[in-house]
Every structure is written in structure tokens, then in C-alpha cells.
Amino acid sequence: MVALACAVAAVGAVSGAVAALGGGGDDTARPAATASPATVTLPAVPASPSAKPSATRATPRPATPSPAPKPSATPSPSRSAVSAALYRSPDSQVLDWVRAHPDDPRRALIERRIADQPTAVWFTEYDPGAITREVRAVTSAAAGQGRVPVLVPYAIPGRDCGGASQGGAPSTEAYDTWMGNFAAGLGRSPVIVVLEPDAIAQSDCLSESERAARFASLARAGRAIHAADARARVYFDAGHSGWRDAEEMAGLLRAAGAATSGDGVFTNVSNFHRTSDEVAYARRVLKALGGPARLGAVIDTSRNGRGAPPDGQWCDPAGRALGNAPTTHTGEARIDAYLWVKLPGESDGCRGAAGSFTPDYAYDLAR
């Protein structure tokens, strides 16, 4: 058995955001309040995957800045006319805690190092009648500030293989409808979409026909998002450097339409692998995936500052830290952004209830 750092405990999720090909680490946009999911142990898979956010709007966690990978000689070509800063949602569990504890001695550090950073906004509830409105509330607020939000749709049928973050739409057809409604809320401004964490890398629990249906649905989701918002950038799940082999991962991504319906891949969501390892891994995946040359990658650096625990621990492991601050100026060829997809301080279920903001944990990550 292997602890898949991808499985998440179901809870709500809304987080900050990211600029497609522009804003830097000083981008400001407030993260959303809600809990993020926790990881669970799943059947063996090359290495531990990633720990995820919770159902509804969830947030991720960070880690101490790990030595940022040396900028490549040639930065990735700008594949989209996006240069706005990242959006930080005004609704998040960490902001709720900061506002409610003005005299707490941990407050200043948590606010400065975590609450002030842009993070992703998760949509984890299957709510076809409300999702368009929920997405539009985020995208319109971001557009009003001239900033770019990072959105995480997380409602694929069979989510988390029945683990801690199980849930999602009741069927592929229902999911297609939900995603169509999600896309309807995007508007016409730049947006980054991290499409269904673990949906591809963690698909071994599905039968061959179920996997084919899921992959076809993800491809349709990518097309629906682009049809609704030509300035949207959609990234498909590539797991992380400690999980599947790059060639194998590329084969799965190809089957899911990542090269034709997406703008690239995402790695390390809610996990701890060092940025340098993820940069190298993402490039191997992209090379194996083949063209088009416009494809890039985004990496979750929210809590990878000290890398993954040597013992493979995935549930609120001690000694971790915040990673590279969210930015779209990575200086790395084909790496479009470093994002905080998992809100730092939201527990995997060991330091606190799964998906809940835990100030002691947040403070430890921020120090």
C-alpha cells in the first residue's frame, strides 16, 4: 500500500488565485474560506501522490521556500496574453481566523506569510444549480481587480476512489452538465483552471470502461472551458515526481485529451516534493506527451519548502514548510506558474479535523 498524497478529505474549498502568464510572487488576492481535504492511503501506486482539498471550496497549504530552481536559460514563451497579478479571494478559513484573533501571538506571522498570499479556489460540491453563480462571483471579482483567479473544479464521479474525499457528480453525464455550468461562470477574462486533482494519476481504481468514460469527460471539460472563455488556461493532472513514471503519465494524459483539450499539466497538488524535482518531472512529462509546443506546466509549491518527508508520511507531517510564493514569473522554461493550490494550515486530518484550518500547523509551516 502507498499513501497517495492526492486523496483528500471532503469538505468545502475556496482559495486564492494565479495569473496565467504574468503576475509575480507579490500578487495579492485573498484566499477563500473553507476547508481542504485530507489524504488517505490507497492501493499501491508508484509513490505517494498528493493530498487534496475538500469537497466544495477548499484550500491548500504551503511550505518553507525551498531553494528555487535556477532559472532556465530560456524562459517559456508566452503562450497567452495574460499579464495580470494573481487574485486573492477575500473568503478563506485563514482570513476568518486572522480576523477573529487580533491578539494571538501567531497572528502576524500567519497573516503575513499565508493569509496575504493568493491561493486557489476549490469547487467541490456537486451543485449544478449554483455552480455558475459561485464561479461567476470569483471571476467577476478578480476581473474587477484586473487579477487572474485560479479555480479548481473537483467533482469528478468516483472522486478519490472512495477515500476520504469521496463524492462528486453521480454520473459522467451529470458531471458534463456541471462542468458546462461551471464554464458558464467564467466570463471573458484570464483564468487558470486546475482540472480535477488526481482524476488521471489516481485512476487505477476504475475499470477500463470507467476510465475511458472519465478521460473522455475530462477532454470535454477542457473544450467546454475554452469555448466559454478563450483566455482560460486549463491544466490536466500529472500527479507528481514521486508517483508515476513520466512516460506512463504522459500516456494517460494523452488518453484524457490533455494535449488537445488543455494548455498543459499540473503537478504536486497538496504534496511536498521539491520544486526542482517537480520542474524536472513536469518537463519529462511534457516531452513524453509531445506537442504542441504551447503546452506548459504549473506546480503546487504550497508546502514543499523542505521536500517530502523521508518516511513517506502524508498526513500533516512535521518539519514541513512553505514553498516558493505563488507567481507566474518562474524563470523556468515551460513552467507557467508556481501556485498554492492547497491552503497552508488546512489539516489533512491529523493536526486537526480534515480540511479545517489549524493555527498551530499553519504557524509551524510559516516559521
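Predicted model: local features only at pLDDT ≥ 70, side-chain atom pairs only at ≥ 80, totals over all residues.
In soluble globular proteins, nonpolar side chains tend to be buried together. In the present model, the largest nonpolar core comprises 55 residues, and within this core Phe182 and Leu253 have the most contacts. Helix 8, spanning residues 275–289, supplies seven residues, which is the largest share of this core. When neighbours within four places in sequence are set aside, the contacts of Leu253 are Ile200, Phe236, Asp237, Ala238, Ala258, Val265, Val285 and Leu289. Another core, of 16 residues, lies apart from the largest one and counts Val94, Leu109, Ile114 and Leu343 among its members. Val94 is also one of the buried residues of helix 1 (residues 93–100), where Gln93, Leu95, Trp97 and Val98 are likewise buried. The cover over the buried residues of helix 1 includes helix 2 (107–115) and helix 9 (359–366).

Two disulfides are present in the structure, and with the bonded cysteines numbered in sequence order their pairing is 1-2, 3-4.

Since Cys315 lies in the loop between strand 10 (296–300) and strand 11 (335–339), and Cys350 in the loop between strand 11 and helix 9, the pair ties together parts that are 35 residues apart in sequence. Cys315 is buried, with a relative accessible area of 8%.

The structure holds five aromatic pairs. In the pair formed by Trp122 and Tyr154, the ring centres are 5.4 Å apart and the planes stand at 90°, so the arrangement is edge-to-face. This pair links distant parts of the chain, given that Trp122 belongs to strand 4 (residues 121–123) and Tyr154 to the loop between strand 6 and helix 4, 32 residues apart; both Trp122 and Tyr154 are buried. For Tyr175 and Trp178, the ring centres are 6.0 Å apart and the planes are at 25°, so this pair is stacked. Tyr175 and Trp178 lie three residues apart in helix 4, about one turn of the helix, and both are buried. An α-helix has 3.6 residues a turn, so residues three or four places apart point the same way. Together with Phe123 and Phe182, Tyr175 and Trp178 form one aromatic cluster, and Phe182 is one of the residues with the most contacts inside the largest nonpolar core.

Asp229 is placed in the loop between helix 5 (208–228) and strand 8 (232–237). Although buried, Asp229 has no salt bridge, and the nearest side chain of opposite charge, that of Arg231, is 5.9 Å away. Neighbours within four places in sequence being left aside, Asp229 is in contact with Leu186, Gly187, Arg188, Ser189 and Val191.

Terms used: Residues numbered from 1 in each chain as written. Heavy atoms only, no water. Helix = DSSP H or I, 4+ residues; strand = E, 2+ residues; numbered from the N terminus. Buried < 20%, exposed > 50% of the residue type's maximum accessible area, 1.4 Å probe, protein only. Lys, Arg positive; Asp, Glu negative; His and termini not counted. Salt bridge = Lys/Arg side-chain N within 4 Å of Asp/Glu carboxyl O. Contact = heavy atoms within 4.5 Å. Core = buried A, V, L, I, M, F, W, Y, C linked by side-chain atoms within 4.5 Å. Disulfide = S-S within 2.5 Å. Phe/Tyr/Trp six-rings, centres within 6.5 Å; stacked < 30°, edge-to-face > 60°.
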